Amino acid sequence: MDIQKVGVIGAGQMGNGIAHVMALAGYDVLLTDISQQALDAALSTVRGNLARQAGRGKISEADMEAAMARISTTLTLGDLGQTDLVIEAATEREAVKQAIFEDLQPHLLPHTILTSNTSSISITRLASRTDRPERFMGFHFMNPVPVMQLVELIRGIATDEETFAACKAVVDKLGKTAASAEDFPAFIVNRILMPMINEAVYTLYEGVGNVRSIDESMKLGANHPMGPLELADFIGLDTCLAIMNVLHDGLADTKYRPCPLLTKYVEAGWLGRKTQRGFYDYRGEIPVPTR
Ligand SMILES: CC(=O)CC(=O)SCCNC(=O)CCNC(=O)[C@H](O)C(C)(C)COP(=O)(O)OP(=O)(O)OC[C@H]1O[C@@H](n2cnc3c(N)ncnc32)[C@H](O)[C@@H]1OP(=O)(O)O
Ligand SMILES: NC(=O)C1=CN([C@@H]2O[C@H](COP(=O)(O)OP(=O)(O)OC[C@H]3O[C@@H](n4cnc5c(N)ncnc54)[C@H](OP(=O)(O)O)[C@@H]3O)[C@@H](O)[C@H]2O)C=CC1
């Protein structure tokens with residue numbers, strides 16, 4: 001199947017990154033969100049990130065302008081029904097995602113493939129609520145999308161081979177590497193990464209270390225590019241908590257119990273970089289640990 005037009009739902013950090021790489025690879029992108037402000041912010045972030053790539057000689061100015069010209073925005077979800085491939089990248093809440101697919105369904109072309117960039121939620125369950133579970137799958141980018149090489153492709157129980165092959169061809173055209181994961185809570189990367197981040201929060205909660213010593217230890221002692229708490233802030237603490245809850249509920253094992261301190265930060269609205277405060281406070285010149 002030849003994919004040319006891609007619809008992206010949710011213009012947050014993942015949605016804007018997905019729009020960026022898709023447009024750069026030559027796809028026409030239609031980006032939607034519930035707020036015009038989010039759409040405007042996304043376009044400005046994409047332009048900034050493309051300009052940085054152009055400034056470092058990774059792409060030309062002409063590539064950058066052509067990519068920007070390929071991205072359109074709309075506040076009307078139904079407009080995405082006219083695309084060949086939809087990638088849903090809205091907030092990590094099953095009810096939100098289900099409502100989106102339900103509202104989109106009456107507007108879809110018969111051949112449109114539906115995918116979700118979910119970090120953890122069952123693809124089979126999301127697919128089962130649509131009219132096309134065979135043309136539904138997980139299309140999981142890593143953050144920051146323009147930099148990270150991997151895309152996890154997750155088949156639901158009903159996903160057909162034509163759909164998998166079409167999505168795999170898109171990953172190839174993006175110049176990224178696909179990893180095929182089975183549809184179990186949080187798939188591969190987050191099944192491993194998120195319990196480590198949660199354990200880092202327990203390490204903080206129990207006073208074994210403070211924010212700085214925990215992050216320094218993992219950067220210098222395990223060669224991680226970011227410390228786990230810095231990475232949690234980068235991902236979004238709401239998203240980290242949502243993933244832990246899916247692991248805890250879906251695998252029914254206490255080893256996945258979200259750390260109460262993580263819950264507290266989310267309840268405070270301290271969601272990390274996107275709200276300027278999380279395990280670090282980003283409101284000043286340099287990030288300052290909050291513990
Ligand atoms: C939660 C989920 O469902 C799944 C997930 O995504 S889990 C999260 C996975 N991601 C990670 O683990 C990221 C870990 N961190 C890193 O790999 C690195 O810290 C990093 C790539 C983010 C930044 O690397 P760095 O060396 O510290 O910084 P920096 O030199 O500024 O950036 C490296 C390159 O990335 C680019 N870059 C950094 N952040 C970027 C962003 N947000 N958007 C676009 N480009 C970005 C820079 O421009 C730079 O490009 P060049 O190589 O062309 O110069
Ligand atoms: N953060 C990460 O590192 C990664 C996240 N993901 C996954 O990607 C998805 C998005 O995450 P991320 O970009 O970080 O989250 P963000 O919070 O940055 O962005 C989510 C966006 O979706 C919007 N949104 C909420 N409801 C709807 C809706 N009904 N229709 C359209 N847009 C909506 C939000 O608007 P508003 O702000 O107004 O609510 C927001 O702009 C999640 O499923 C997450 O698990 C996957 C890989 C990595």
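How are H8 and H9 oriented to each other? They are roughly perpendicular, on a scale where angles under 35 degrees count as roughly parallel, over 145 as roughly antiparallel, 65 to 115 as roughly perpendicular and the rest as oblique. The structure is a predicted model, in which local features need pLDDT of at least 70, side-chain atom pairs count only at pLDDT 80 or more, and totals for chains, interfaces and linings use all residues. Residues are numbered from 1 along each chain as its sequence is written, while chains are lettered from A and ligands numbered from 1 in the order in which they are written.

The protein chain is divided into domain 1 (5-181) and domain 2 (194-279). These bounds come from an automatic or database domain assignment. The centres of the two domains, taken over C-alpha atoms, are separated by 26 Å. Seven residues of domain 1 are in contact with eight residues of domain 2; contact requires C-beta atoms, placed from the backbone, within 7 Å. The side of domain 1 that touches domain 2 has one nonpolar, four polar and two charged residues. In this classification, Ala, Val, Leu, Ile, Met, Phe, Trp, Tyr, Cys and Pro count as nonpolar, Asp, Glu, Lys and Arg as charged, and the others, Gly among them, as polar.

The annotation "domain: 3-hydroxyacyl-CoA dehydrogenase NAD binding" covers residues 5-183. Over residues 5-183 the chain is 40% helix and 22% strand. The end C-alpha atoms of residues 5-183 are 26 Å apart. The annotation "domain: 3-hydroxyacyl-CoA dehydrogenase C-terminal" covers residues 187-282. Residues 187-282 are 62% helix and 2% strand, with end C-alpha atoms 31 Å apart. UniProt positions follow the numbering used here, feature names are shortened, and annotations may be inferred rather than shown by experiment. Helices (H or I, at least four residues) and strands (E, at least two) are DSSP runs, numbered from the N terminus.

Ligand 1 has 19 residues around it. A residue counts as near if its C-beta atom, placed from the backbone, lies within 6 Å of the molecule. Ser119, Met142, Asn143, Pro144 and Pro225 come nearest to ligand 1. Helix H2 (36-55), H7 and helix H9 (228-235) each supply at least two residues of this shell. H7 gives the most, with three residues. By class, the shell has eleven nonpolar, five polar and three charged residues. Domain 1 and domain 2 both give residues to the shell around ligand 1, so ligand 1 lies between them.

Ligand 2 is surrounded by 28 residues. The closest are Gly10, Gly12, Met14, Ser119 and Asn143. At least two residues of the shell come from each of helix H1 (13-24), helix H4 (94-104) and strand S6 (136-141). H1 contributes the most, with three residues. The shell around ligand 2 holds eleven nonpolar, 14 polar and three charged residues. Ligand 2 lies between domain 1 and domain 2, because both give residues to its shell.

Two backbone features follow. The peptide bond from Asn143 to Pro144 is cis, with omega near 0°. Pro144 is found in the loop between S6 and strand S7 (150-155). Ala186 has a positive phi of about 70°, although it is not a glycine. Ala186 sits in the loop between strand S8 (177-181) and H7.

Helix packing was examined for two pairs. Axes are lines fitted to C-alpha atoms, for helices over the stretch in contact, and angles run from 0 to 180 degrees between N-to-C directions. The axes of H7 (residues 189-205) and H11 (residues 260-267) come within 8 Å and cross at roughly 95°. H7 is therefore roughly perpendicular to H11. Asn198, Val201, Leu204 and Tyr205 in H7 meet Pro260, Leu261 and Leu262 in H11. This contact has six nonpolar, one polar and no charged residues.

For H8 (residues 211-222) and H9, the axes come within 7 Å and cross at roughly 100°. Val211, Ile214, Asp215 and Met218 in H8 meet Pro228, Leu229 and Glu230 in H9. The contact of H8 with H9 has five nonpolar, no polar and two charged residues.

Definitions and conventions:
Two residues are in contact if their C-beta atoms, placed from the backbone, lie within 7 Å.
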